[in-house]
Amino acid sequence: MNLEKVVFGFFVLLAATLNFGFFIGDIDRPELHNRYELFAAVVVNLIATVLKFGDRTQIGAVHLATSLVASLQLVAAALMYGYAAYVSTAGMTPGWTASVVSVAGGALLANLVSVVLLVIETVSFHRG
């Protein structure tokens, strides 16, 4: 068993599941979208992105691209959440919540593509 592949797979899957956990729920209800879960999704996605830098294969490049997209969107969602909750006088309105969750949904799609790539890579691995 390759420990590097285990760690890589762990962070890819954890990034996707944390992202999904934040995303799920009514899009306009702030109480259903935990800010700490969003923060955890950002951190784990950034770790997954760093882990993908060493792979020089074509699938590694696509893995990195999906991770960069997910991280960029989650950081944008966190900045929007922070602005709405701590700067804006209106606070986390249903409109702000919908915007944050929508951007996090884009990151979720990128994370799902990354998980599919991981599964394809694992299934097509040939021992030689």
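By class, three nonpolar, four polar and five charged residues make up the lining of the second largest pocket. Ala, Val, Leu, Ile, Met, Phe, Trp, Tyr, Cys and Pro count here as nonpolar, Asp, Glu, Lys and Arg as charged, and the others, Gly among them, as polar. The structure is a predicted model, in which local features need pLDDT of at least 70 and side-chain atom pairs count only at pLDDT 80 or more, while totals for chains, interfaces and linings use all residues. Residues are numbered from 1 along each chain as its sequence is written, and side-chain values use heavy atoms, with hydrogens and water left out.

Helices (H or I, at least four residues) and strands (E, at least two) are DSSP runs, numbered from the N terminus. The C-alpha trace spans about 60 × 25 × 20 Å along its principal axes. The chain has 128 residues, of which 36% count as buried. Buried means under 20% relative accessible area, exposed over 50%, and partly exposed in between (1.4 Å probe, protein chains only). Of the contacts (heavy atoms within 4.5 Å) between residues at least 6 apart in sequence, 68% join residues at least 24 apart.

The space left open in the model was examined next. A pocket is an open set of points on a 1 Å grid over the protein atoms alone, where a 1.4 Å probe fits, with protein on both sides within 12 Å along at least five of seven lines; lining residues have an atom within 4 Å of a point. Grid points are joined across faces, edges and corners, and a volume is the space filled by probe spheres set on the points.

The largest pocket holds about 340 Å³ of space. Its lining is made of 11 residues, and those nearest the centre of the pocket are Asn 2, Lys 5, Glu 121, Thr 122 and Phe 125. Helices α1 (3-23) and α4 (94-123) each contribute at least two residues to this lining. The largest share, four residues, is that of α1. By class, the lining of the largest pocket comprises five nonpolar, three polar and three charged residues.

The second largest pocket, with which this section opened, holds about 240 Å³. Among the residues that line it are Asn 2, Glu 4, Lys 5, Val 7 and Phe 8. Leu 51, Lys 52, Gly 54 and Asp 55 are also part of this lining, as are Gly 60, His 63 and Glu 121. At least two lining residues come from each of α1 and α3, and α1 gives the most, with four residues.

Val 62 belongs to helix α3 (residues 58-87). This residue is partly exposed, with a relative accessible area of 31%. In sequence, Val 62 is 10 residues from Lys 52, and in space the two lie 9.6 Å apart, C-alpha to C-alpha.

Side chains of opposite charge can pair when their charged atoms come close. A search of the whole structure finds two salt bridges, each defined as a side-chain nitrogen of Lys or Arg within 4 Å of a carboxyl oxygen of Asp or Glu. In one of them, Asp 26 pairs with Arg 29, and the closest N and O atoms are 3.3 Å apart. In the other, Glu 31 pairs with Arg 29, and the corresponding distance is 2.7 Å. Through shared partners, the salt bridges join Asp 26, Arg 29 and Glu 31 into one network. Asp 26 is partly exposed, at a relative accessible area of 41%, and Arg 29 is partly exposed at 36%. Glu 31 is exposed, at 55%.

The search of the whole structure also finds two aromatic pairs. Rings of Phe, Tyr and Trp (its six-membered ring) pair if their centres lie within 6.5 Å; planes under 30 degrees apart count as stacked, over 60 as edge-to-face and the rest as tilted. Phe 10 and Phe 11 form an edge-to-face pair, with 5.2 Å from centre to centre and 85° between the planes. Phe 10 is partly exposed, with a relative accessible area of 46%, whereas Phe 11 is buried, at 19%. The ring centres of Tyr 83 and Trp 96 are 5.5 Å apart and the planes stand at 55°, so this pair is tilted. Because Tyr 83 lies in helix α3 and Trp 96 in helix α4, the pair ties together parts that are 13 residues apart in sequence. Tyr 83 is partly exposed, with a relative accessible area of 41%, and Trp 96 is also partly exposed, at 26%.
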